[in-house]
Amino acid sequence: MKTRMTSLFYKSKISFIAITLFLILLPRISFGQTYGTASHNVTVIVNAITVISVTPTTVPTLTIPGGATAVVTAGVDQMTVTDNTTVLKWGTNQTLRKITIYTSLASPLYTLQVLATNIVATPGTAGLAAGQFTISTLAQDLITNLAQSSGHCTLVYTGVALASKGIGTDSHTLTLTITAQ
Amino acid sequence: MDRSFLRIYHLLCVLVLVFLIANEGFSQAININGGNITLTITTGMPDVQQLTSVTNSTCTMQYRRQARISKITVAATCPGQSFNLSVVATNITISGTAQPTVSLISGNPAMDFIRDNSTAGARRSCTLNYTASATFAQGCSTNVGNDVYTVTYTLVVQ
């Protein structure tokens with residue numbers, strides 16, 4: 001009986017040592033030489049961002065008949081002048097936006113028209129330019145169907161004057177806005 | 001029978017204790033201070049595809065020397081990842097060489113973050129420099145949700 005108990009005792013001891021050694025070495029063996037890990041959470045939030053700008057920031061002066069592109073024809077009442085030095089730039093990370101334009105001048109003597117051309121956007125979902133139109137105090141669509149993108153285009157302003165309107169000056173403050181479509 | 005049962009019971013208790021001690025030592029080899037963090041992108045420039053990136057360096061990491069030269073790797077998971085996150089180690093004290101900035105892409109294999117952690121010296125630390133970036137085309141959190149990364153650093157033999 002005593003021999004059996006002694007045998008059991010030693011067997012238990014050997015098992016104990018073996019298992020203990022195994023557990024101590026377990027991290028270094030079974031985890032492929034991994035000593036430890038640590039983690040935490042990092043959250044990235046991107047706000048809704050919409051930006052727009054024009055360069056130069058001042059609306060160009062269109063002069064008839066002195067402008068470089070002025071078209072004045074003897075015997076014709078309508079005179080025109082164009083300017084394409086303004087670049088419109090934008091960026092939006094929201095879907096389906098449009099750019100509108102309006103003027104502060106309620107009763108102009110002459111007509112001021114605008115056309116967006118050479119639209120370049122990244123990615124290539126460039127947006128759709130409206131045709132040339134007369135700028136009024138009501139916001140009108142200049143570019144529609146803008147996707148999440150950044151880009152630029154050229155604004156071609158055309159001043160139209162009738163000789164019968166005489167001499168004068170129209171000063172416009174133009175406002176361009178990106179809004180939901 | 002009862003004595004044998006008691007002996008086995010005591011043996012199991014000791015084994016559990018040893019196992020817990022072993023794992024305690026295992027988990028403290030590396031740890032992060034600073035908890036969870038949030039990076040918010042708020043601005044961009046017209047006609048510039050990339051939004052203004054945001055950085056955060058409020059978290060530090062401490063790690064121990066080991067019996068063999070070791071390194072730290074970094075990996076991340078982010079279900080439905082929409083934006084970009086990268087990390088680089090700075091201000092390393094005592095030992096270790098920072099590796100180039102790691103772009104954290106969900107599910108990618110772990111990349112080296114710090115190498116050459118020597119076997120000598122005291123407990124060392126570094127700053128975790130995170131940079132979040134995005135493009136206009138990647139949208140905003142309102143539409144695609146926030147990116148929540150679980151970033152895991154692992155101290156392994158080099």
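N145(A) is partly exposed, with 14 other C-beta atoms within 10 Å. On this scale a residue is buried if 20 or more other C-beta atoms lie within 10 Å of its own, exposed if 12 or fewer, and partly exposed in between, with C-beta atoms placed from the backbone. The model is predicted, so local features need pLDDT of at least 70 and side-chain atom pairs count only at pLDDT 80 or more, while totals for chains, interfaces and linings use all residues. Residues are numbered from 1 along each chain as its sequence is written, and chains are lettered from A and ligands numbered from 1 in the order in which they are written.

The phi of N145(A) is near 60 degrees, a positive value in a residue other than glycine. N145(A) belongs to strand β8 of chain A; strands (E, at least two residues) and helices (H or I, at least four) are DSSP runs, numbered from the N terminus. In chain B, N91(B) also has a positive phi, near 55 degrees. N91(B) sits in the loop between β5 and β6 (97-98) of chain B and counts as exposed, with 12 C-beta neighbours inside 10 Å. Two peptide bonds of chain A are cis: the one from T55(A) to P56(A), with omega near -10 degrees, and the one from T122(A) to P123(A), with omega near -5 degrees. P56(A) lies in the loop between β2 and β3 of chain A, and P123(A) in the loop between β5 (111-122) and β6 of chain A. Most residues other than glycine have a negative phi, and most peptide bonds are trans.

## The open sheet of chain A

Four strands of chain A form an open sheet in the order β6-β8-β4-β10, with antiparallel pairing. Two strands pair if DSSP finds at least two bridges between them. The edge strands are β6 (128-129) and β10 of chain A, each pairing on one side only.

Strand β4(A), residues 97-103, pairs with β8(A), residues 140-146, over four antiparallel bridges, and with β10(A), residues 174-180, over seven antiparallel bridges. I99(A) has I143(A) as its bridge partner in β8(A) and I178(A) as its bridge partner in β10(A). R97(A) stands opposite A180(A) in β10(A). The covered face of β4(A) carries R97(A), I99(A), I101(A) and T103(A), and the uncovered face carries K98(A), T100(A) and Y102(A). In a regular strand the side chains alternate between the two faces of the sheet.

## Chain B

Chain B has two helices and ten strands, in the order α-β-β-β-β-β-β-β-β-β-α-β from the N terminus. Of its 158 residues, 30% count as buried. Among contacts (C-beta atoms, placed from the backbone, within 7 Å) in chain B between residues at least 6 apart in sequence, 78% join residues at least 24 apart.

Strand β1(B), residues 30-33, is joined to β3(B) by four antiparallel bridges, and β3(B) pairs with β9(B) over eight antiparallel bridges. T60(B) of β3(B) is the bridge partner of N33(B), and T127(B) in β9(B) is the bridge partner of T60(B).

## Interface and cores

In the interface, 42 residues of chain A are in contact with 58 residues of chain B. β1(A) gives the most to the side of chain A that touches chain B, with 13 residues. That side divides into 18 nonpolar, 23 polar and one charged residue; Ala, Val, Leu, Ile, Met, Phe, Trp, Tyr, Cys and Pro count as nonpolar, Asp, Glu, Lys and Arg as charged, and the others, Gly among them, as polar. β1(A) also pairs with β2(B) in the parallel sense over five bridges, where L39(B) is the bridge partner of V44(A).

A nonpolar core is a set of buried Ala, Val, Leu, Ile, Met, Phe, Trp, Tyr and Cys residues joined through C-beta atoms within 7 Å. Of the 39 residues in the largest such core, V44(A), I30(B) and L85(B) touch the most other members. The largest share of this core, six residues, comes from β1(A). Apart from this core lies another, of 16 residues, among them W90(A), V114(A), L142(A) and C153(A). Not counting residues up to four places away in sequence, L85(B) touches V42(A), V44(A), L104(B), Y130(B), A132(B), D147(B) and Y149(B).

Technical notes. Contact = placed C-beta atoms within 7 Å.
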